[in-house]
Amino acid sequence: MKLPFLPNHDESSFFHFISTHHPDLGLQTQGVSPGSSGDPSFRSGQLSVPHATTVLAIKYQAGVIIAGDRRATEGFQIADRRIEKVFKIDDLSAMAIAGAAGPCIEMAKLFQTELEHYEKLEGMPLSCEGKANKLGQMVKANLPMVFQGLVVMPLYVGYDVKRAEGRIFKYDITGGRYEESDYHAIGSGGKDARNTMREHFKKNLSEPEALNLAMIALYNAADDDVGTGGPDLIRGIYPTAKFVTGEGITDVTDEQIRAVYDRMIAARRSKET
Amino acid sequence: MAMPYYVSPEQVMQDKAEYARKGIAKGRSIIAMDYIDGVLLTADNPSASLHKVSEIYDCIAFAGAGKYSEFENLRKAGIRHADLKGFMYSREDVTGRSLANGYSQSLGTIFSQELKPLEVEILVVQVGINGQPNEMYRISFDGSIIDEKHYAVIGGRSEAVQAVLKEKIPSQVPSLQTAVGLCVSALEQTASQKLSPEGLEVAVLDRNRSGRKFRRLALTEIRQFLSPQPGA
């Protein structure tokens, strides 16, 4: 039965609800005509590489750590030094983003609402797998915007209560979803971060070890990639990180991260003299 | 041409109202009550999975009495309304008052325009944060909306429960344990039977929680609250 004055919809998906009834609020799926893209890298055919970011996730004993740098760029200019690329999605999952900042943040917000909406309507939360699939559908819905140069590329981590372990999911622009067994990094510095993690990763890292590895990988990525910001010791801006465990999501404090970098920088400096 | 029967509008409305009232009175009652940290919702509900009380948004909860399929539909529409508003503006712009108005409009229109009115009575409660008072809106099948203070009852023999509460309610805002005890005894008195903790659905909007304030009380907690205090 239709209710007047209240929103009617048949499914439990908020994303589906707003795409159907409020398309202006959802992810933009059509806009300017193809070819009018302002992104030069797109015109030259180098499509689909999310630029200027490094975000990564590493599994450890209690779950997963997810971390990201703070730099946003516009061409050769720095647009923002303190942007947040790691988002808490619900009590057991978080995502990090690479790509065009506006649509990325919008997708994170939409995904948060989506999971809460489903949980309230159905009376129970989605499974970890279900959440990862849902995000894939949202990335897929954004495909028309990719051809405008507005790429949204998430890295999703969640704690799977049934399996009692953390899980990492990566995506491609068509919404394809792939699970990573140990660690992963995306963004322009993703490759550099993966190289570092490959060298130092081992199974069942402790929490401080995982944090250490994540921060070193981000530092090395910032070292080799202009699009990735390193720790800014003058302004006191450090990468952000979250622990995703069965107990919930914990933000890693700036003090913890600064301590890791102070030690690492001292060690590297001693090699230079 | 055959003349259609004439029935006075007064008669139509009266019949509809009587029909709806009968449906609602068949069920069991639900009580909402202020307690020291927020609002308590207690329902006499033998089912553990078909909820009568549920979360709408950060500070807002919903309770429905009457026909399950009908208030379930209203509950879902309410969540959609709240989530849409929160997404479009911000989380703090979602208010119980606006939701209660939507429900009232919707129920009123259905009552006057549809053949069959909805056999439901619903409650929208909002816990007050930052020193704001709690809000409770009781909305009837015909869309009439009543702003209740301190406690509200819907469904079943709601007037009888209300009468019991009116006598028993303390002048000071009760603790959670006292409030649970009070609600259960009022429900038992009107149902004239003992209610087991398994047959109760109890939830709170606790203003001390961060973010989403709604929480269901576990069976063990309800048992603890209802068991006679040793040494008390």
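Q: How many residues of chain A are in contact with chain B, and how many of chain B with chain A?

A: Keep in mind that this is a predicted model. The size of an interface is often given as the accessible area lost when the parts come together. Here we count residues instead: 16 of chain A are in contact with 17 of chain B.

Q: Which helices of chain A each supply at least two residues of the side that touches chain B?

A: Helix H1 (14–21) and helix H3 (101–122) of chain A each do that. H3(A) gives the largest share, 4 residues. By class, the side of chain A that touches chain B has 10 nonpolar, 5 polar and 1 charged residues.

Q: Let's stay with H3(A). At what angle do H3(A) and H4(A) pack?

A: For a helix pair, look at the angle, then the handedness, then the residues. H3(A) and helix H4 (residues 128–141) of chain A pack at about 135°, and their axes are 11 Å apart. That angle makes H3(A) oblique to H4(A). Their crossing is right-handed.

Q: Which residues make the contact between H3(A) and H4(A)?

A: From H3(A) come Met107(A), Leu110(A), Phe111(A), Glu114(A) and Leu115(A), and from H4(A) come Lys131(A), Lys134(A), Leu135(A) and Met138(A). Sorted by class, that contact has 6 nonpolar, no polar and 3 charged residues.

Q: Now for chain B. How many helices and strands does chain B have?

A: Chain B has 6 helices and 10 strands. Its radius of gyration is 19 Å, close to the 17 Å that the globule rule gives for 232 residues, so chain B is as compact as a globular protein of that length. The C-alpha atoms of chain B fill a box of roughly 80 × 45 × 35 Å along the principal axes.

Q: What percentage of the residues in chain B is buried?

A: Buried residues make up 46% of the 232 in chain B. Sequence separation is another thing to look at. Of the contacts in chain B with a separation of 6 or more, 65% join residues 24 or more positions apart.

Q: How do the axes of H4(B) and H5(B) cross, and at what angle?

A: The axes of helix H4 (residues 158–168) and helix H5 (residues 176–191) of chain B come within 9 Å and cross at roughly 135°. That makes H4(B) oblique to H5(B), and the crossing is right-handed. Ala160(B), Val161(B), Val164(B), Leu165(B) and Lys168(B) of H4(B) meet Leu182(B), Ala186(B), Leu187(B), Gln189(B) and Thr190(B) of H5(B). This contact has 7 nonpolar, 2 polar and 1 charged residues.

Notes: Residues numbered from 1 in each chain as written. Chains lettered and ligands numbered in written order. Predicted model: local features only at pLDDT ≥ 70, side-chain atom pairs only at ≥ 80, totals over all residues. Axes fitted to C-alpha atoms, helices over the stretch in contact; angles between N-to-C directions. Parallel < 35°, antiparallel > 145°, perpendicular 65-115°, else oblique. Left-handed = near helix turned anticlockwise from the far one by under 90°. Contact = placed C-beta atoms within 7 Å. Nonpolar A, V, L, I, M, F, W, Y, C, P; charged D, E, K, R; others polar. Rg over C-alpha atoms; globule rule 2.2 N^0.38 Å. Buried ≥ 20, exposed ≤ 12 C-beta atoms within 10 Å, placed from the backbone.
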